[in-house]
Structures are given as C-alpha cells and as structure tokens.
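Hi,

Here is the structure I said I would pass on. Have a look at it first, and then read my notes below.

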Amino acid sequence: MRRPDGGEATENPYDVVGFAAFAGITYGGYYSTRTRRVGTSADCVEVAEGTRESAVVLIPEEICMTTRVVFNGWDSVTIDGQGHVLQSIEVLLIQDSRNVVIRDITFECRDGDTIAVQRSSHVVIDHCSFWYGAPEIGVFQDRCAHNLK
C-alpha cells in the first residue's frame with residue numbers, strides 16, 4: 001500500500017496480522033500530517049464529510065453521537081478514541097474506503113449496529129470495546145443527555 005507521500009508503506013505501526021496485513025499493510029492515517037480533534041457529534045460529521053485526505057481523527061473526550069457519521073471515500077484514516085467512550089445512538093459507517101483503523105474506543109449503544117463497513121478494504125478495528133443491552137441503556141441516556149447541554 002502507498003503512503004500519502006507516494007512512498008511504499010513498509011512499517012506496521014499497529015502490528016496488524018492476518019488479512020489486514022495481506023496485500024499491503026493497513027496503517028490508517030499513521031503517515032498523515034493532518035490531525036483533527038472532535039468533541040461533538042457535529043464535529044465528527046464535519047470531519048467525515050470534509051476533505052478525504054489522509055488523517056488521524058482524535059476523540060479526546062466522551063462523545064454522545066446524535067447522528068449517523070459516514071466516512072465515505074476515505075483513504076488512510078485512523079479514528080483514535082484514546083480510551084474514551086463513544087455513545088452511539090446512530091451508526092458509524094465506513095463506506096467505499098480503504099486503509100482505515102478504528103482503535104481504542106469504548107462503544108456504548110442502545111441496539112443494532114455500532115459500526116458498519118460497506119464496500120471497503122483494509123479496515124482494522126483494534127482495542128475497541130462494545131457495550132449493549134438494558135443495563136447500559138439507563139446510563140447511556142443519562143450521560144448522553146448530560147453531554148448535550
């Protein structure tokens with residue numbers, strides 16, 4: 001796989017194995033010089049719909065996702081939660097993209113899909129946790145309402 005600067009990606013920064021390492025190493029936005037920080041659901045949508053250049057998207061705090069976020073047509077992006085919670089009312093959709101790394105996020109959701117991947121290749125979901133079910137719903141709603149103030 002080629003880096004954004006056109007060079008060949010030879011490093012394996014996330015130590016991916018298996019299919020993610022087949023036909024080129026999946027490195028996401030590791031080689032990018034662009035870093036975007038998102039703090040709200042609207043920020044996530046803005047980044048996802050913005051320029052689709054290689055990037056690292058950092059989630060520096062807990063976010064309540066009030067809308068669906070679609071990363072469509074991206075090449076070489078890392079979405080790094082830095083260990084924070086992403087409360088998903090809607091789905092995070094990776095579509096028609098390649099070389100995507102989603103890492104270090106705890107997803108809390110009501111039901112249904114949290115992450116959907118469509119017509120994409122070399123997508124790695126690394127060190128993520130997923131919480132579903134009734135006990136989390138009450139916490140999910142309280143924390144979500146608090147974040148919307």
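Is Cys128 buried or exposed? With a relative accessible area of 18%, Cys128 is buried (buried means under 20% relative accessible area, exposed over 50%, partly exposed in between, with a 1.4 Å probe and protein chains only). Cys44 counts as buried too, at 9% relative accessibility. A search of the whole structure turns up zero disulfides, a disulfide being a pair of cysteine sulfur atoms within 2.5 Å.

Before you go further: this is a predicted model, where local features need pLDDT of at least 70 and side-chain atom pairs count only at pLDDT 80 or more, while totals for chains, interfaces and linings use all residues. Residues are numbered from 1 along each chain as its sequence is written, and side-chain values use heavy atoms, with hydrogens and water left out.

Now for helix H1, residues 41–49 (helices are DSSP runs of H or I with at least four residues, strands are E runs of at least two, numbered from the N terminus). Its buried residues are Ser41, Cys44, Val45, Val47 and Ala48. They span an arc of only 165° around the axis, so they sit on the same side of H1 (the arc uses the directions from the helix axis to the C-beta atoms). Exposed Ala42 and Glu46 are on the face turned away from that buried side.

Then there is an open sheet of four strands in the order E3-E6-E9-E12, with parallel pairing (two strands pair if DSSP finds at least two bridges between them). E3 and E12 (129–131) stand at the edges, because each has a single partner strand. Three bridges join E3 to E6 (residues 85–88), and Ile63 stands opposite Leu86 in E6.

Cheers
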